[in-house]
Amino acid sequence: MSGFSKKLLHWHKYFNQRQMPWKGEKNPYKIWLSEVILQQTRVEQGWNYYEKFIQRYPAICDLANAEDADVFKLWEGLGYYNRCKNLLFTARFICNELNGIFPKNYEEVLALKGVGNYTASAICSFAYNQPYAVVDGNVFRVLSRIYGVEKAIDSTEGKNIFTQLAQENLDKKEAALYNQAIMDFGATVCKPANPQCATCVMKEICVAHNNGLVNQLPVKEKVLTKKTRNFTWFVLSVKNEIFIHKRTHNDIWQNLNEFYLLETDEKNNWNNEKVSEFVNNQFSINPLSINISKEFTQQLTHQKIKAVFIEVKLKTKPSSLKSGEWITKNNIPFFAFPKIVNDYLSM
């Protein structure tokens with residue numbers, strides 16, 4: 001077992017407080033149902049639907065024998081109705097063709113309509129403790145940061161790398177516990193926009209944390225296809241020096257400089273309290289002062305950038321920021337920045 005896996009299972013046993021009605025469930029029908037509901041659906045929304053389905057259809061043949069209209073009515077509001085069609089098809093297949101017995105073999109589970117690699121791994125590991133690692137967004141993010149993997153998670157090569165890495169780290173004897181632990185860890189600690197780095201049990205072995213790359217990982221290729229992107233640049237300063245680094249990924253403004261960047265799917269409504277929490281989580285340092293700019297925009301050929309600059313004065317330089325450099329404010333004109341950054345600097 002890897003050092004990461006040991007730490008993860010220790011965290012799961014003593015510190016994981018995340019509650020969900022399907023956690024620890026061994027019934028493959030209920031696990032499958034929860035996984036189908038959670039496809040393209042947040043846990044908070046899916047929770048209530050899951051409980052309604054289990055109450056109405058406690059066993060798979062109850063669902064199989066239900067009227068289509070009744071099931072679709074119960075599904076109402078979840079969207080992506082093809083999931084509901086597959087749910088009914090598979091329930092009827094298992095009830096009518098397999099005598100209501102959910103398959104145990106991974107390949108047979110994978111062959112069920114609407115079931116992909118992730119769902120098959122979840123069912124086989126949670127229901128039968130079989131050694132299949134789940135690989136979802138949480139797992140991508142955790143492994144990318146822990147091991148400092150910069151391959152795009154949505155590329156074929158990246159998916160293969162992370163699938164192999166997930167399988168290598170899997171505790172084969174405690175597959176169900178391990179899979180639940182890594183997903184919960186990604187959802188509650190190693191979060192996308194505001195990871196809890198300051199108190200994280202992994203920070204000593206985390207490549208991203210130790211090299212100031214938490215905000216840059218995981219890498220996504222498809223981010224380039226977004227029409228609108230939301231940037232927050234943290235202008236970190238210590239006395240008369242400001243932190244900058246060069247953009248190196250295959251993205252807009254390659255080789256130009258920028259400040260510490262956080263890109264999020266949704267627009268952030270920052271205030272001083274949120275900024276202070278973020279900075280403390282990232283660097284274990286409390287800001288001396290905070291100043292939040294107005295929103296800046298830049299229209300590029302295929303996408304629009306919306307950006308906010310947050311000036312944060314610190315007492316000391318964060319030890320994890322190793323991928324850039326600290327320059328004096330007087331030297332800023334000698335470095336090349338994107339137009340939107342120069343618009344901010346010229347205020």
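Mentor: What follows covers that pocket, then a helix pair beside it in the discussion, then another helix pair and the cavities. The model is predicted.

Start with the pocket. The second largest pocket holds about 250 Å³ of space. By class, the pocket lining splits into 7 nonpolar, 4 polar and 1 charged residues.

Now follow helix 10 to its contact with helix 9. Helix 9 spans residues 137–147. The axes of helix 9 and helix 10 come within 10 Å and cross at roughly 85°. Helix 9 is therefore roughly perpendicular to helix 10. On the helix 9 side, the contact uses Val139, Phe140, Leu143, Ser144 and Tyr147. Helix 10 answers with Lys159, Phe162, Leu165, Ala166 and Asn169. That contact counts 7 nonpolar, 2 polar and 1 charged residues.

Helix 2 (residues 28–38) and helix 3 (residues 43–56) have axes that come within 9 Å and cross at roughly 140°. Helix 2 and helix 3 are therefore oblique to each other. Their crossing is right-handed. Helix 2 brings Tyr29, Lys30, Leu33, Ser34, Ile37 and Leu38 to the contact. Helix 3 brings Val43, Gly46, Tyr49, Tyr50, Phe53 and Ile54. The class count there is 9 nonpolar, 2 polar and 1 charged.

Finally, the cavities. There are 3 cavities of 30 Å³ or more. The largest cavity has a volume of about 100 Å³. It is lined by 14 residues, and Cys190, Pro195, Cys197, Cys200 and Cys206 lie nearest its centre. Its lining divides into 10 nonpolar, 2 polar and 2 charged residues. The second largest cavity has a volume of about 80 Å³. Strand 1 (228–238) and strand 6 (304–313) each supply at least two residues of its lining. Among the lining residues are Asn230, Phe231, Lys267, Glu295 and Lys306. By class, this second lining has 3 nonpolar, 4 polar and 3 charged residues.

Note on methods. Residues are numbered from 1 along each chain as its sequence is written. This is a predicted model: local features need pLDDT of at least 70, side-chain atom pairs count only at pLDDT 80 or more; totals for chains, interfaces and linings use all residues. Side-chain values use heavy atoms; hydrogens and water are left out. Axes are lines fitted to C-alpha atoms, for helices over the stretch in contact, and angles run from 0 to 180 degrees between N-to-C directions. Helices (H or I, at least four residues) and strands (E, at least two) are DSSP runs, numbered from the N terminus. Angles under 35 degrees count as roughly parallel, over 145 as roughly antiparallel, 65 to 115 as roughly perpendicular and the rest as oblique. A crossing is left-handed if the near helix is turned anticlockwise from the far one by less than a right angle, and right-handed if clockwise. Contact means heavy atoms within 4.5 Å. Ala, Val, Leu, Ile, Met, Phe, Trp, Tyr, Cys and Pro count as nonpolar, Asp, Glu, Lys and Arg as charged, and the others, Gly among them, as polar. On a 1 Å grid over the protein atoms alone, a cavity is a set of points where a 1.4 Å probe fits but cannot get out, and a pocket is an open set with protein on both sides within 12 Å along at least five of seven lines; lining residues have an atom within 4 Å of a point. Grid points are joined across faces, edges and corners, and a volume is the space filled by probe spheres set on the points.
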